[in-house]
Amino acid sequence: MKVLVIDDSAVMRRIHRNTLTEHGIPASDIFDASDGEAALKIATEGHIGLFLVDWNMPKLDGFQLVKALRATPHYASTPIIMITSEAAKYNVMEAINAGVTNCVVKPTKGDVLWQKLAKYVDPKTGGGA
Amino acid sequence: MKAKYINPFLAASMNLFKEHLGVDVRSLNPFVRKDPTVLEEVSGIIGLAGETTGAVVLSFSRVTAMNIVSVFAGKTYTALTNEVLDGVGELVNIIAGNAKKDLLDFRISISLPGVIVGSATKIHWPEGVPVITIPFDSNLGSLSVNVSLKEAE
């Protein structure tokens with residue numbers, strides 16, 4: 001399974017990438033993008049099995065990206081985890097209503113994030129579902 | 001400017017540094033900054049707009065910025081690289097986003113964070129309200145959270 005990490009922060013992309021590799025996802029299966037537009041391009045080029053999406057990003061934000069992905073039959077049910085600093089309940093509800101599978105509020109420890117991701121990952125394929 | 005506008009930023013900062021990053025940090029007495037253009041070397045800025053407008057600025061010395069982003073990212077930085085500045089911006093983003101849930105009575109939107117190095121003269125503080133500085137002392141160096149918010153008339 002390929003994982004696409006979308007965050008405008010290079011540090012956050014590094015942190016998420018580390019969390020994924022520490023839990024057995026091969027580095028070669030992890031892709032990243034710094035905005036929603038770039039993420040959509042990558043998503044159309046190859047099958048992505050799991051998305052980690054930031055909310056606040058330039059160009060196409062996380063909210064718009066999720067709606068665009070869900071409008072694509074190929075990604076209608078693919079797990080999308082929103083990782084956001086927007087901690088208010090109405091923000092979480094807005095994300096879920098947009099089609100986000102699960103929501104994680106930053107700051108979050110790598111292990112806590114992984115607990116949210118693990119059920120979407122197939123251990124038989126070394127982290128791929 | 002009332003304490004209820006400042007406390008959410010204070011709580012979010014303490015949660016991030018102390019609980020999440022494990023930094024031995026303690027807040028010192030807040031004060032009104034006489035010259036808001038004079039901050040420490042690295043400042044992460046986030047603007048707030050809506051029923052309450054203004055700015056939250058997290059200000060670090062160069063060494064403190066490198067130390068804290070090193071802990072945050074799990075990588076040791078020995079120079080003030082673009083990635084360190086990016087990390088400062090992300091820290092400010094987390095603090096503002098977390099604080100926002102406690103400011104729900106004032107429907108506000110937050111801007112994407114910006115980071116400046118050097119002079120703080122480019123910060124657009126709201127006119128007519130003071131800049132409140134909440135200084136912090138930590139094992140990784142000193143920093144401050146600077147807040148100036150103005151209620152819409």
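**Figure 1. Strand β3 of chain A is covered on both of its faces.** In this predicted model, Leu50(A), Leu52(A) and Asp54(A) sit on one side of β3(A), with Phe51(A) and Val53(A) on the other, and every one of these residues is buried.

**Figure 2. On one flank, β3(A) pairs with strand β1 of chain A.** Strand β1(A) takes in residues 3–6, runs parallel to β3(A) and is joined to that strand by four bridges. To find your way around this view, look for Val5(A), whose bridge partner in β3(A) is Leu52(A).

**Figure 3. Strand β4 of chain A is another parallel partner of β3(A).** Here too the pairing runs over four bridges, this time with residues 80–84. Phe51(A) makes a handy landmark, as it stands opposite Ile80(A) in β4(A). Between β3(A) and β4(A) the chain passes through helix α3 of chain A, residues 62–70, and this β-α-β crossover is right-handed.

**Figure 4. Helix α2 of chain A has a buried side and a side turned away from it.** The helix runs over residues 36–45, and Gly36(A), Ala39(A), Leu40(A) and Ala43(A) are its buried residues to look for. Viewed down the axis of α2(A), the buried residues fall within an arc of 100°, so they line one face of the helix. What covers them includes β1, β2 (30–33) and α3 of chain A. The face turned away from the buried side carries Lys41(A) and Glu45(A), both exposed.

**Figure 5. Chain A meets chain B.** The contact involves 16 residues of chain A and 20 residues of chain B. On the chain A side, helix α1 (residues 10–22) gives the most, with six residues. Sorted by class, the side of chain A that touches chain B holds eight nonpolar, five polar and three charged residues.

**Figure 6. Chain A as a whole has five helices and five strands.** Starting at the N terminus, its elements follow the order β-α-β-α-β-α-β-α-β-α. The radius of gyration of chain A is 13 Å, close to the 14 Å that the globule rule gives for 129 residues, so chain A is as compact as a globular protein of that length. Along the principal axes, its C-alpha atoms fill a box of roughly 35 × 30 × 25 Å. Of the 129 residues, 43% are buried. Among contacts in chain A with a separation of 6 or more, 62% come from residues 24 or more positions apart.

Figure 7. Read along the sequence, the pattern of chain B is α-β-β-β-β-α-α-β-β-β-β. With a radius of gyration of 14 Å, close to the 15 Å that the globule rule gives for 153 residues, chain B is as compact as a globular protein of that length. The C-alpha trace of chain B spans about 45 × 30 × 30 Å along its principal axes. Buried residues account for 45% of the 153 residues. Of the contacts in chain B with a separation of 6 or more, 68% are between residues 24 or more positions apart.

Methods: Residues are numbered from 1 along each chain as its sequence is written. Chains are lettered from A and ligands numbered from 1 in the order in which they are written. This is a predicted model: local features need pLDDT of at least 70, side-chain atom pairs count only at pLDDT 80 or more; totals for chains, interfaces and linings use all residues. A residue is buried if 20 or more other C-beta atoms lie within 10 Å of its own, exposed if 12 or fewer, and partly exposed in between; C-beta atoms are placed from the backbone. Helices (H or I, at least four residues) and strands (E, at least two) are DSSP runs, numbered from the N terminus. Two strands pair if DSSP finds at least two bridges between them. A crossover is right-handed if, with the strands pointing away from the viewer, the path from the first strand over the helix to the second runs clockwise. Two residues are in contact if their C-beta atoms, placed from the backbone, lie within 7 Å. Ala, Val, Leu, Ile, Met, Phe, Trp, Tyr, Cys and Pro count as nonpolar, Asp, Glu, Lys and Arg as charged, and the others, Gly among them, as polar. The radius of gyration is taken over C-alpha atoms; the globule rule is 2.2 Å times the number of residues to the power 0.38. The arc is that of the directions from the helix axis to the C-beta atoms.
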